[in-house]
Amino acid sequence: MNKVTTINLNGKAYQLEEAGYDLLKKYLEQARKKLANDPDKDEILADFERAIAEKCEGHLHARKNVITEKEVQKIIDDMGPVEPADDKEQANAEDGPKTHPKRLYALREGAVIGGVANGLAAYFNIDVTIVRVLFVLLVFPTSGLMILIYLLLMLVVPVAETPEQKAELRGEQFTAQDVLQRAKEKYADISNKEHWQKVAADSQPALSGIGKVLQKLIRAVFVIVGIGFGIALGCLTAAWVSGLWWLAFGHLHLVDQLSTISVWTIATGVTAAYFIAALPLAGITVCLLKIGAGRPFGRQSARWLAAVASLWIIAIGVFAGTAIVTSGRISAYQSTHGYLTIDSHQICINDTLCPGGEWRASKPLLLPRAHYYYRMN
Amino acid sequence: MSNISDKFGPLRKGMLELAVLKTVSAGKAYAADILKKLEQTEFATGEGTLYPLLSRLRREQLLEYDWVESEAGPPRKYYHLTETGKKQLVELEAYWHALSETMEKLGA
């Protein structure tokens, strides 16, 4: 199992094994150094990126989306050593800066609680103090709802961890050569791999004290409620399975008199009813546990939601269909026989319709105003 | 054999410019095309060498490129010779012929 790093080459994301990423980083760093005196340095480096991107493309297909260390080595070998072409001419005019799509992340550096205000400030390019004051001021007119919104954002907005994500937050372009640029600015000795990795590991600051406690507490609440929903779902499933069992092997003679209704129709109705109740329960359980575990929601989650929602609508349709068929058959049976038979009881509604024999009054069963009578079969 | 090829290393390096100009003179070429053509020859090289060279030749106004959209992937730079480039190629080739003629005559 290898850790994977995503890089942006020529505007497209590529996933490299981390060791491969280190190789590529080193190669581009050396290229930058060697071309330090070339007036077209930036353009050549952009050309290198394009070439690397094309070579990466050759190692990818539908079932493979990570470029291995070996493949990166091969790409670098193909590229060959960087040979500056000696030249003393003047540089051409540089291209203007480009804008790139932004993404919202929480920024943990200098955060007071969860880095949400920090991330919003970076996203909208305003002072973080203004965002914080706005948050606090909005607590009063929203009667505290703002606190909930903040907590929700803290749980849902992903944390910017890599330099790429931090650049994305500000809408800057991020390329492998930027890593090198920044690395060069920050650390004198990038070639010392251990040192570099250590610095990278330390550069992710933790949540502040209050934030940590708060986050743990909220997550615990989400997990507990999620487990509660999970248990409810389990009970419901047990009820459904035992219901089917009963239908198949039990001695419920609900249908035997209504011989026109098959056991399958009832089983289908019961199953549809189960899905109508269970799908939302399952969805809520998964969401709560996911939030509790601190996992962000992505496109995958949206696809799941759509699938579950369509299944739910289908279940409602099926249930309605079976309910209409069953109730139609039951009322047809009652109007010809005058009574229904459930298990060992014969049940009759409205004594004028009851056939001869001794009938005892019963508590209202389904319809509160109807008079029910029963006798043993 | 490798020893001999090593001895000609600096010469090949110096001649790469001529080789690239000649390759491009055959028609519009994209960097990977140039590399592929050279791959079969003694002038086989990689992007690491070719790109800085192409960039210098462009600064010297011997080459120019156009961005061409490609069906697969991002647009590519297609290089072609400028008028200066064509003249330069003729001169370089003449010089190269002179060199090899001299070499032939030295043994005589």
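This is a predicted model: local features need pLDDT of at least 70, side-chain atom pairs count only at pLDDT 80 or more; totals for chains, interfaces and linings use all residues.
## Chain B on its own

Chain B has 5 helices and 3 strands. Read from the N terminus, they come in the order α-α-β-α-α-β-β-α. Of its 108 residues, 39% are buried. If you take the contacts in chain B between residues at least 6 apart in sequence, 50% of them link residues at least 24 apart.

## Where chain B meets chain A

On the chain B side, 21 residues are in contact with 27 residues of chain A. Together the two chains bury about 1800 Å², with carbon and sulfur atoms giving 45% of that area. In chain B, the residues that lose the most area to chain A are Glu47(B), Tyr51(B) and Arg59(B), which together make up 33% of what that side buries.

The interface holds 8 salt bridges, and 14 residue pairs are in polar contact between the chains. One salt bridge joins the side chains of Arg59(B) and Asp38(A), at 3.1 Å from N to O. Helix 4 (47-59), strand 2 (63-68) and strand 3 (76-81) of chain B each put at least two residues into the side touching chain A. Helix 4 of chain B gives the most, with 10 residues.

## Cysteines

Searching the whole structure turns up 0 disulfides over all chains. Over in chain A, Cys56(A) is buried at 1% relative accessibility, while Cys287(A) is partly exposed at 35%.

Key
Residues are numbered from 1 along each chain as its sequence is written. Chains are lettered from A and ligands numbered from 1 in the order in which they are written. Side-chain values use heavy atoms; hydrogens and water are left out. Helices (H or I, at least four residues) and strands (E, at least two) are DSSP runs, numbered from the N terminus. Buried means under 20% relative accessible area, exposed over 50%, partly exposed in between (1.4 Å probe, protein chains only). Contact means heavy atoms within 4.5 Å. A disulfide is a pair of cysteine sulfur atoms within 2.5 Å. Buried area is the accessible area (1.4 Å probe) that two parts lose on being put together, summed over both. A salt bridge is a side-chain nitrogen of Lys or Arg within 4 Å of a carboxyl oxygen of Asp or Glu. A polar contact is a pair of N or O atoms within 3.5 Å; within protein, one must be able to donate a hydrogen and the other to accept it, and residues adjacent in sequence count only if both atoms are side-chain atoms.
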